[in-house]
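Hello,

Here is the structure I promised to hand over. My notes on what turned up follow directly below it.

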Amino acid sequence: MTIVAAAEGATERVSWLPRRGRISWFEIALLLACAGWVGFGFAPSLQDVTILTFLFGGLALSWNIAGGYAGMISFGHAAFFGIGAYASTILLLRYDLTPWIGLVVGAFAAAIAGSVLALICARLKGPFFILSTLAFAEVVRIGALNWSSRTGGAEGLSIAPMPSLANMVLASKSGYAALMLCYLAFAYAISRGLEASRFGFYLLAIRDNDEAAAAAGINPLVVRTSAMALSAALTGIGGTLFAQYFLYLDPTYVISPELSFQFALLPAVGGLGTVIGPILGSFLVTPVSELLRSYLGNAAAGLHLVIYSFGLIVVMLYFPSGLAGALDKIQRRRPPP
Amino acid sequence: MSTILQLLVSGVLIGSVYALMSIGLTLIFGVLRIVNFAHGEFLMIAMYGAWAISHWLGLNPYAAAIAVVPAMFLFGTLVYRLVISPGLDKPHLVVVFATMALSIFLQNAALMLMTADLRDVPPIFARSIAIGPIYIKGELLLGFVITLACTATLQWMIKRTYLGKAIRATVQDGEAAMLMGIAVPKIFLITFAVGSALVGLAACVMLPLFSVFPTVGLNFVLIAFVIVVLGGMGSIEGALLGGVCVGVVQSISGYYVAPAFGQLFFFLLFLVVMIFRPNGLLGQKGAAMLGVNE
């Protein structure tokens, strides 16, 4: 009896559409659909798109912790992505350390870099914060480009394409899809946990009014630094996974400003400071951009990005609160239970 | 000794050209309180325009300014109407993301139309000018003179003319300016268009010095951001000072360390200024809080 009652209580707390601090049926269904999509191996020709969609979904969620919840709009997250990717790859190539451990090392290295960035930008806001994060990533990129004894410089680093689970080089694309889905689910769990936690409320308080938050006894510097470190660590993990999937990395791509923009755009399209927003953003934008690239890439270089960026301008100007904002509107129209 | 002098002179000259390219950005920021992330792409388009005129019509790139500057003024008007003004009443981030998407748009449109080839114009001056032990590129010297003339004109315009006074009133208090009968949206539009026109002028000065390709804007916009923040956002003389600083840092570190590290040094300089003087070198107190979303 009690189990049934408890289960009923639990299901009552699960809402239909996504809401702050609650798991919704929508998300559960989405996750199951994704797992099914990977498990049954639907649309084998789209597997690259699937993999990137999941990976960028996780990366968008990671960015959202700093950018969405804490209001620290960073255009430098590619630095953390690159640090994660390079840390695990260098450890693998030089010291033969498995990326499963390299991933953790990379996450730590990225977290340290994130803390440094947060401390540099401690007093900055608005455009100044954004530009400093951009400059920070450029410093990391130029550093990686010129430290060629370790990073291979502009030539980049390649991982031998020999499938081995120990070295996180998977034989099949569906394996990678499952791996990226795990990453997405992990980032989702962290974000949901964050939303329900005290720390999550600190982040929102800092974002909305840091002076009032400080007056209420929250230390903005500590909260900002930890949020940036957490966001950077998760982004670093994404970097490792990316390196293990592409088996090649060079500073001009993995630490490019374009990549940083991408991390920021996905949550912005989906809805900043929500859990479902970054996921929806990636599920909508990544397939569109990848498919446009594969269909139009050969016909005319650049055409796919012209269409893609045009769409983004329209979305940004006319749906400024993103897809999650649209979902919220649907929800508000219903009478409260 | 003469090496140092040579490096300083080249640094100051190239820095002034960088400053010319940044004035539009700082002007737009000072008045509209927005950062135009597509600024580098405006420069790229204007450089292509100047290149097309000098390549197909056989004109001198400096003469191309007669067509490029008004064209960029119109282009600025168009962008303001279509992208900037619909986003102004929305959260601050909307304009940031919209201009960023615009920069991707323009970059790839250029890639489609012009391909990724590097385009340049033949040198204007056959030889460098020798002053004592120092050699000066004629193009750089001309750029320096144009920058000074342009800054002086702009200063005069802002201090003395009615439009300049209206702009300053808008900067000080937009609502009060509106109550005094200043059409603030019109001031915004004119400022954005003038800022774009200045980029057009900068492009004509820069074309003889640099080649143009679709992603050229990215390199320059990062330099422009550094300059604008160093000088204090919104300050025109600050942009000149910031430009000279960046130019000198680049030329000295490029000579003594390695050209590749030149960029590293001015980004580091930027971060150091952000840590210790977030208002910039000449910016007034509180400048670092401008443009922060209320």
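Met168(A) is buried, with 22 other C-beta atoms within 10 Å. (Buried means 20 or more other C-beta atoms within 10 Å of a residue's own, exposed 12 or fewer, partly exposed in between; C-beta atoms are placed from the backbone.) Met168(A) is not a glycine, yet its phi is positive, about 55 degrees. Look for Met168(A) in the loop between β1 (157–158) and α8 (173–196) of chain A. Helices (H or I, at least four residues) and strands (E, at least two) are DSSP runs, numbered from the N terminus.

This is a predicted model: local features need pLDDT of at least 70, side-chain atom pairs count only at pLDDT 80 or more, and totals for chains, interfaces and linings use all residues. Residues are numbered from 1 along each chain as its sequence is written, while chains are lettered from A and ligands numbered from 1 in the order in which they are written.

Chain B has a positive phi too: Thr115(B), not a glycine, at about 60 degrees. Thr115(B) is exposed, with 12 other C-beta atoms within 10 Å. Its loop runs between α4 (92–114) and β1 (129–131) of chain B.

Next, the contact between the chains. Chain A gives 35 residues and chain B gives 41 (two residues are in contact if their C-beta atoms, placed from the backbone, lie within 7 Å). On the side of chain A that touches chain B, the largest share comes from α6(A), with 13 residues.

Finally, α11(A) is mostly covered: 22 of its 27 residues are buried. Leu247(A) follows α11(A), with a positive phi near 60 degrees.

Best wishes
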